[in-house]
Amino acid sequence: DPRGYWRESWRRLRANRLGVAATALLVLLVLVAVAAPLISTLITHYQPSQQDLSDVFSPPTRRHWLGTDQLGRDTLTRLAWGARVSLGVAFLTVAMALALGTAVGVVAGYYGGWVDEVLMRFVDVLLAIPAIFLFIMLSMLLRPNALMLAVIIASVSWVSVGRIVRAEVLTLRSRDFMVAARSIGASDVRLMARHLFPAVIPVMIVSASLSVGQIILVEAALDFLGLGIQPPTPSWGNMISVAQTYFLQASSLAIFPGLTIFFTVLATNVAGNAVRDSFDPSLP
């Protein structure tokens with residue numbers, strides 16, 4: 001019973017207190033990212049690029065809760081706006097990687113034969129090339145904004161999703177419900193869209209939940225190397241990149257975005273493990 005499966009999965013997820021706490025932290029971070037303009041207007045009273053050269057490298061004060069950077073810009077404001085970039089790129093990347101990987105995995109697993117061979121050999125070629133090399137090459141060629149950076153990361157990240165979905169489809173295509181639907185004349189498109197796709201949704205949820213943290217780290221690494229989001233647009237990665245020059249004057253410029261990345265990735269990994277334990281149909 002599909003409804004029973006979803007009901008039981010949600011019950012197990014709610015019973016995982018650590019997973020619920022991590023999910024709550026992620027929701028809070030997303031709300032901070034969405035509300036960044038309100039935070040600027042109502043709480044910090046500063047814009048992310050607003051400079052005050054008379055108040056550089058300020059420690060945390062009542063005016064600047066997390067201090068200021070080398071140009072007198074408010075660190076808390078820039079962290080909130082950086083969340084819009086870092087989390088936005090992560091979630092957009094996951095969405096695109098899921099869409100492409102699921103489509104390739106379903107087609108390869110359903111048709112098998114030469115279609116499966118061609119698609120999986122292409123996947124093997126991409127997996128054989130170091131991912132960071134592809135990220136750097138594409139970033140140097142395209143000089144990305146947030147949307148293009150998400151496309152670059154997704155263009156490599158979808159392959160793992162495709163392999164997972166393909167493996168699941170291979171186990172499903174000969175099941176009784178597929179044989180029954182095929183026997184009454186269901187077309188290939190209908191079989192894939194109405195029967196296989198809903199059946200692989202749990203696998204997609206698990207894959208997405210475990211991918212967000214890794215993509216946040218990739219995005220931050222590209223920003224740190226100067227190949228991602230460029231200043232003055234704030235992102236957690238380029239805030240750390242700039243801060244390394246001024247670490248002796250104000251180490252907090254690197255510590256605060258570093259801790260933000262650490263706790264965000266930790267929360268996504270804990271939440272992802274909780275989702276896997278709750279929704280993965282192969283686990284007891």
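Is the crossing of α5 and α7 left-handed or right-handed? It's left-handed, meaning that the near helix is turned anticlockwise from the far one by less than a right angle (clockwise would be right-handed). A quick note before the views: this is a predicted model, where local features need pLDDT of at least 70, side-chain atom pairs count only at pLDDT 80 or more, and totals for chains, interfaces and linings use all residues. Residues are numbered from 1 along each chain as its sequence is written, and side-chain values use heavy atoms, with hydrogens and water left out.

**View 1. Helices α5 and α7 pack together.** Here α5 (residues 113-128) meets α7 (residues 146-172) at about 135°, with the axes 10 Å apart.

**View 2. Who touches whom between α5 and α7.** Contact (heavy atoms within 4.5 Å) involves D116, M120, F122, V123, D124, L126 and L127 from α5, plus S155, W158, V159, R163 and R166 from α7.

**View 3. F57 and Y246 form an aromatic pair.** Ring centres have to lie within 6.5 Å to pair; planes under 30 degrees apart are stacked, over 60 edge-to-face, and the rest tilted. This pair is tilted, at 5.5 Å centre to centre and 50° between the planes. The partners sit 189 residues apart, F57 in the loop between α3 and α4 and Y246 in the loop between α10 and α11.

**View 4. Y110 pairs with Y111.** This one is edge-to-face, with 5.0 Å between centres and 85° between planes.

Definitions and conventions: Axes fitted to C-alpha atoms, helices over the stretch in contact; angles between N-to-C directions. Helix = DSSP H or I, 4+ residues; strand = E, 2+ residues; numbered from the N terminus. Phe/Tyr/Trp six-rings, centres within 6.5 Å; stacked < 30°, edge-to-face > 60°.
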